[in-house]
Amino acid sequence: MKKPTFISSIISRITLRLAVVLAVFFGLLVTSAVLIPTQLSTIRADSLQKLEDDHKRSAAILAVILSEPVWQITPEIANLSSEVVFSNPNVSEINVITLPDKKTFITTSRKASQKGPFRTKSEPIMHGEQVIGEVQLTFAEDIMLAEITANVYRAIFVTATSFLLSVLCIFVVLQWRLVLPIKQLIEKSDMLANGELNEVIAFDRKDEIGHLAVSLEATRQALQRSFRELEIKNQQLLEYSGTLESKVRQRTQELENANHHLEAALASVNSAQNELARIERMAALGSMVAGVAHELNTPLGNCLLVASTLSDETRQIGKAMTEGTMRRSDLSQYVEAATESSKLLMRGLQQAAQLVGDFKQVAVDQSSAQRRKFTLVIVFQELAALLHSSLRKTPFNLELDIPDDIELDSYPGPLGQVFSNLVNNAVVHGLDGMSQGYMRCMARRQGDQVLIVFEDSGKGIPPGIIKRIFEPFFTTKFGRGGSGLGLSITFNIITNVLGGDIRVTSEPNQGARFEMTIPLVAPGSQDGHEDSMRA
């Protein structure tokens, strides 16, 4: 931790002048560090290419001028001819051999006095179309390397001189045009900070420093005006300070009274909301009771008719047996009728018992909000069966697409109320006035949660009110059977009781889609649920 603090303290002490000089210095340094190696590489490559070209040219010249001496076998003339090339200080050795016997014709060398490295190039000696020999020309690179080193030192010297002159010029210009004017502006700013506002700030310059001076002068004038206004305000505050305390006490008392009234009104609204929610749940249960009674009427009426017919058959067979007129065919007919009647009675009574059982379970769930483990499809099937009587009077169908392996540890009663509210909302609002339509409820397991989707093919929800449908008492049919609490209760149950969330999407004339995500294991306990329901 000490090292960053030390570095930070050093950086904070760097002046503007030093910062600019350092920026220029390091900028030129980085540029030089990039350009010098490039220049050195270019110089070396050019020198090596020049030496290579000279080597090729010299070998070619030797091969031409030695053609006649080799053909005539006159080494003396060959030595004289090769002196022209050997005068090149880069030439280290000339070796000429004859072909095809590969004998040395002449050899001229000063290799012992040179450091190298060495490079050798061979060139055939032609006489007409015949190869009569070969010249081997060796070059030394030490002179070329010395020239490269001298050029490098020269480039470094020129760069360093330019570098230092640039830094010096920049330093002088910064000192003259930037550092000294900024110091003067700092002095003026310190005077403003100390409250000395009478000295005018003026710089006869048209650059940024001049604009900054103009801004400081405008600031000085604004501060003068502000101080004068503050003096006036202070005087007014002194005049009003005597009555301010009594006004504050009066306003505080008024706010406390208004607070009490608001708290009482809020408590009244909450009480009314809770009572309306309870009435809404009881009304839904009452509607369900009427539907179940209507559904029970058919199987029980059938059972009563079958029982009455069986009673008549029994009385007739008893009379025939008493009078001794009973025949075997009469007994067989009676047994057949009794068997068929028993089947009809059993079927009707089982149907009635199933309806009663479903209603009993739903009623217990709706009234007690008891937490238990249940299968999702069974609960929704029971609710769909109980809602069948009311939906049978409409041209709308209710479809379920729920796998039978989704089990929850949650509250079936509130979940059933959510399902009933959504069905009722779709019938009353979404599908109202339509000649046909459908409602579909789907569920899919997603890890430790379950996604329940309820959608309808109705008119959809207008974009202007889709964000308000979960608000308490908001309804488009107020005074026509709508309380505005159905979807509000649904939202409260999903989020507060079942620990999930609910989203709605809709397009005009494309129906509405409610997506509910709830955990397989509901949070909290039964007591916590009852508290949230009361809330």
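Which residue in strand 2 does Val96 stand opposite?

Analyst: Val96 stands opposite Ile106 in strand 2. Before going further, please note that this is a predicted model, in which local features need pLDDT of at least 70 and side-chain atom pairs count only at pLDDT 80 or more, while totals for chains, interfaces and linings use all residues. Residues are numbered from 1 along each chain as its sequence is written, and side-chain values use heavy atoms, with hydrogens and water left out.

Strand 1 (residues 91-98) and strand 2 run antiparallel and are joined by 6 bridges; two strands pair if DSSP finds at least two bridges between them. Helices (H or I, at least four residues) and strands (E, at least two) are DSSP runs, numbered from the N terminus. The open sheet consists of 4 strands in the order 2-1-4-3, with antiparallel pairing. Strand 2 (103-109) and strand 3 (118-127) each have a single partner strand and stand at the edges, so one side of each is left without a neighbour in the sheet. From one strand to the next, the twist averages 15 degrees, where axes are lines fitted to C-alpha atoms, for helices over the stretch in contact, and angles run from 0 to 180 degrees between N-to-C directions. Helix 4 (residues 75-86) packs on this sheet, touching strand 1, strand 2 and strand 4 (130-140), and its direction makes about 40 degrees with that of strand 2; contact here means heavy atoms within 4.5 Å.

Turning to the rings, those of Phe, Tyr and Trp (its six-membered ring) pair if their centres lie within 6.5 Å, with planes under 30 degrees apart counted as stacked, over 60 as edge-to-face and the rest as tilted. By this rule there are 3 aromatic pairs. Phe380 and Phe419 have ring centres 4.6 Å apart and planes at 25 degrees, so this pair is stacked. The pair links distant parts of the chain, with Phe380 in helix 8 (residues 376-391) and Phe419 in helix 9 (residues 412-430), 39 residues apart. Phe380 counts as buried at 2% relative accessibility, and Phe419 does too, at 3%; buried means under 20% relative accessible area, exposed over 50%, and partly exposed in between (1.4 Å probe, protein chains only). The rings of Phe419 and Phe454 have their centres 6.3 Å apart and their planes at 90 degrees, so that pair is edge-to-face. Phe454 is buried, with a relative accessible area of 1%, and ring pairs link Phe380, Phe419 and Phe454 into a cluster.
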